Amino acid sequence: MEITLEVNGRTYSIAPAGRRLLAVLRDDLELLGTKLACGEGACGACGVLLDGRPVNACLLFAEAAEGHEIVTIEGLSTGRAAAVQAAFVAEDALQCGFCTPGQVVSATVLLERTPHPTREEIHETMAGNLCRCGAYPKIERAILRAAGEA
Amino acid sequence: MTTRFVKTQKEMEGRYEDVWALVDESDETTSWKPDADLSLVGQPAPRQDGAARAAGRVRFTVDVKLAGMLHAAVLRSPAAHGTVRSLDLAAALATPGVRGVIGPESELSLTTRAPLLQAEPAYAGAAIAVVAADTLEAALAGVAALALDLEVLPHLVDMQEGLNEQRFTTDPTDEARGDAEAALAAAAVTIEFALDTPAHVQTPLEPHAAVASWDGDELTAWVSTLGMFAAREELAKAFGLRKDAVRVRTEFVGGGFGAKQGAGFEALAAAELARITGRPVRLVNDRHAEQLDGGRRAATRQTVRLGADRDGTLTAIDADAVVAQGQGGWVMPVLIPAQTLYRCANVRALTFPVKTNLRAQNAFRAPGVMEGTAAFEQAIDELALALNMDPLELRRLNHADVDQVSGLPYSSKQLLACYDRAAELAGWATRDELRKPQPDGLLRGMGCATQIWWGGGGPPSHATVRLDADGNATVITGIQDIGTGTLTSAQIVAAEELGLPLSQVRVVGGDTGPNVYGPVSGGSQTTPSVMPAVRSAAAKVRKTLLQLAGDVFEIAVEDLDLRDGRIRSSDGAIDAEVTEVTGKLGDATIDGSGSRGPNPDGFVVHTFGCQIAQVAVDVGLGEVRVERIVAVHDVGRIVNPLTASSQVEGGVLQGMAFALSEEFIVDPTTGVPVNAHLDDYKIPTIADMPEIIIDYPHVPDANLPTTGTKGLGEPPIIPTAAAIANAFAHATDRRAAALPLTRARVLETLA
């Protein structure tokens with residue numbers, strides 16, 4: 001059975017076959033920026049936006065995403081997201097870069113909801129995005145920079 | 001051009017081997033002076049690939065997709081020890097979509113790493129069989145169809161039990177200088193301190209992964225590895241191929257921290273299945289497999305006895321370490337801090353590598369030395385307490401002016417400057433103020449620890465620089481950039497030497513195809529090994545370019561200089577864009593190759609540092625909060641302060657988690673790890689991070705070839721846990737018998 005998914009403003013017909021949204025994005029749509037790191041909803045590397053809300057694509061069944069607007073890292077290249085990405089580069093808020101797409105997704109949503117976040121608000125919102133390289137001090141600085149506060 | 005062989009020593013994480021190094025004696029670069037007028041080296045620069053990383057456009061091994069590619073799934077032992085009674089390979093092969101199956105009894109074409117698959121798995125997670133299929137789902141169905149029948153055998157996972165039964169992976173070692181026993185007996189002050197350190201899992205977010213594809217007898221393998229040339233060597237040997245018939249590609253690695261060495265099981269199994277099926281094969285660990293079988297820092301049980309004179313002079317060090325090796329692996333140098341950190345004539349170091357039913361332990365950032373420092377530097381603090389001395393003062397007093405094992409001088413050592421700077425930044429002088437009652441009811445304290453590590457690098461390491469008509473340079477290296485920013489450091493060094501802006505220099509790596517050798521990304525050796533080779537290659541291009549400029553402008557080469565992308569004559573008559581010369585190249589290029597010369601004889605090359613931690617302890621909850629870490633490390637010249645501080649922050653956070661939250665827990669009854677997932681193996685989050693203050697002595701190592709740089713991968717993780725534990729003791733007057741300082745352990749310790 002086919003379903004219709006709207007991803008980054010384009011419409012796709014796919015056969016979910018019981019798979020998670022992440023598998024469909026990566027395997028069928030070749031949107032490889034979104035990463036699988038734990039498959040357990042524990043790390044945030046698979047973060048995408050569903051109607052503007054961040055969700056773990058490794059947990060969400062693809063079928064459940066039908067009728068919703070999905071945005072992946074590939075669809076985040078303008079406006080606030082671009083400012084976040086530029087700040088991540090300038091502050092070196094990434095090392096290996098594997099968790100970075102998920103970090104950028106979460107940081108973009110954070111700034112959309114809270115344009116001038118405090119450190120505590122950054123910590124609370126970003127705590128679901130693990131970075132094993134330990135770029136956290138610079139992720140915090142990058143978010144403050146993108147908010148125009150550093 | 002005079003190319004010579006020089007016999008030298010190659011060091012990797014404290015193991016030395018004699019090697020012949022290929023050295024180009026026409027290399028005329030000399031070391032940059034400490035006060036050299038450098039325009040790019042030492043200035044912060046964002047990564048050359050930062051924008052692509054931030055946009056999710058870079059491709060890791062897990063992102064490789066090839067036409068007709070099969071997906072592999074691995075059957076792993078559910079038990080700590082067992083023997084396979086039956087395995088239905090035929091049923092797996094008959095599963096729809098399955099194209100190939102290998103098990104312990106299969107005849108394999110590869111000749112090494114035998115046996116690749118285990119008929120008698122000796123740890124939970126050991127690979128028993130691999131299935132390759134059109135989809136991952138089909139491969140998993142094939143694994144289920146194998147219907148493993150495993151007879152469970154007795155296991156041993158407790159290191160004390162292993163020691164009692166004298167089950168060792170290799171013979172225990174007993175290293176001594178002087179007479180520690182007699183010196184302890186004669187010492188005015190003695191202390192004894194024992195510590196258990198936890199197993200610590202690297203946990204790279206990109207798991208071990210490989211994609212293998214054959215074209216006739218030529219193999220291309222994308223491998224998530226820290227050493228693509230080692231992977232090439234391993235694959236060539238395993239399949240009986242010429243080295244140039246194997247191409248390994250490792251452009252981006254999603255973290256490794258020591259775990260991803262060589263080709264690994266993944267590339268070997270993927271290549272074997274690709275050979276059998278005639279299709280490319282992808283093998284990627286799922287998270288559970290990664291945590292079970294990706295590797296770990298071994299758990300240890302250490303005891304340190306120290307003896308000192310009344311004035312604090314160390315007279316005796318007697319240390320022993322039981323190391324839970326798992327199934328084997330090299331024995332990490334746990335007692336190196338005891339043997340080398342301070343001046344002491346009487347030292348004994350006993351190491352017991354115990355064999356347990358876990359995967360063989362492997363490298364995790366500063367293997368051995370980090371867990372050894374966690375125990376030894378707490379013992380030093382205990383001695384300071386017994387002597388009623390300032391812990392930092394005791395460390396200064398026992399400063400080792402020369403290497404304590406060989407007696408040789410250090411190539412450079414700025415440890416005393418690190419102590420001074422760290423103390424100043426942390427407010428050490430007034431640290432006892434923290435122990436006064438606090439309005440928030442928390443107990444506060446401050447502790448320090450010293451760091452020692454190798455990190456001098458050495459040959460072999462090579463680089464090629466190619467300058468084109470547009471004045472753009474490409475630096476071809478054999479580096480896999482695992483997130484350290486090494487490619488960007490190479491860009492800075494090449495641009496500095498070429499006198500070009502960063503925007504005109506691009507560094508490529510991640511491919512053994514060009515056959516420009518770079519070392520494994522490990523042991524803090526990449527930067528000090530690669531940068532001199534890059535500089536040497538760039539210097540040759542610069543020299544040729546100036547010669548050509550002399551031809552174009554009809555002026556003596558000696559009168560020309562190249563800087564900021566312009567060629568200028570000393571009399572000011574010529575001030576031209578580089579392209580006025582390179583533009584005449586047409587489709588030709590100016591090429592230069594460089595190699596890393598040997599380190600000088602007669603010196604020991606080490607890195608040093610000091611970290612100071614400030615913690616707050618909630619005695620009701622048992623929670624330890626690290627408020628601040630000051631990290632000052634002597635690693636010679638800093639090439640890129642932006643990425644250097646990222647390395648330090650990452651090391652500190654991993655060290656902090658080792659002290660507070662990370663512990664790989666094995667159920668003693670079943671022998672099976674119980675927290676091999678990301679939701680229960682607690683790596684730090686952004687909410688856990690302390691303030692991290694970083695500095696360096698900024699003294700280039702004048703005895704190291706041409707760039708004066710040492711490595712920075714390992715140093716920052718080494719002293720963090722010890723500094724935190726010492727701060728905890730300062731705050732609470734108690735010392736835990738084990739790490740990590742989880743709430744339960746803290747409450748137990750304070751009870």
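Here are some questions and answers on two interfaces in this predicted model.

Reader: Happy to start with the big picture: about how much area do chain B and chain A bury between them?
Author: Let's begin with who takes part: chain B brings 51 residues to the contact and chain A brings 43 residues. Of the area buried between these chains, 61% is on carbon and sulfur atoms, and the total is about 3700 Å².

Reader: Which three residues supply more of the area that chain B buries against chain A than any other three?
Author: Good one to look up in the viewer. Between them, the three supply 19% of the area that chain B buries against chain A. They are B:K65, B:L205 and B:I686.

Reader: On the electrostatics, which residue forms a salt bridge with A:R26, and how far apart are the closest N and O atoms?
Author: The count of salt bridges between chain B and chain A is six. A salt bridge here needs a side-chain nitrogen of Lys or Arg within 4 Å of a carboxyl oxygen of Asp or Glu, so the pair in question qualifies. The partner of A:R26 is B:D63, with the closest N and O atoms at 2.8 Å.

Reader: Which element gives the largest share of the side of chain B that touches chain A?
Author: There are 23 residue pairs in polar contact between chain B and chain A, counting pairs with both residues at pLDDT 80 or more. On the chain B side, the elements that give two or more residues are α1 (50-54) and α16 (641-660). The largest share, nine residues, comes from α16(B).

Reader: Now inside chain A: how many salt bridges does the rule find across the interface of domain 1 and domain 2?
Author: Chain A is divided into domain 1 (3-73) and domain 2 (79-146), and their C-alpha centres lie 21 Å apart. The two domains bury about 1000 Å² between them, 67% of it on carbon and sulfur atoms. Three residue pairs are in polar contact across this interface, both residues at pLDDT 80 or more. For salt bridges, the number found is zero.

Reader: Which element gives the most to the side of domain 1 of chain A that touches domain 2 of chain A?
Author: Two elements of chain A give two or more residues to that side of domain 1, namely β3 (47-50) and β4 (53-56). With three residues, the one that gives the most is β3(A).

Methods:
Residues numbered from 1 in each chain as written. Chains lettered and ligands numbered in written order. Predicted model: local features only at pLDDT ≥ 70, side-chain atom pairs only at ≥ 80, totals over all residues. Heavy atoms only, no water. Contact = heavy atoms within 4.5 Å. Buried area = accessible area lost by both parts, 1.4 Å probe. Polar contact = N/O pair within 3.5 Å; in protein donor to acceptor, adjacent residues only side chain to side chain. Helix = DSSP H or I, 4+ residues; strand = E, 2+ residues; numbered from the N terminus. Domains from an automatic or database assignment.
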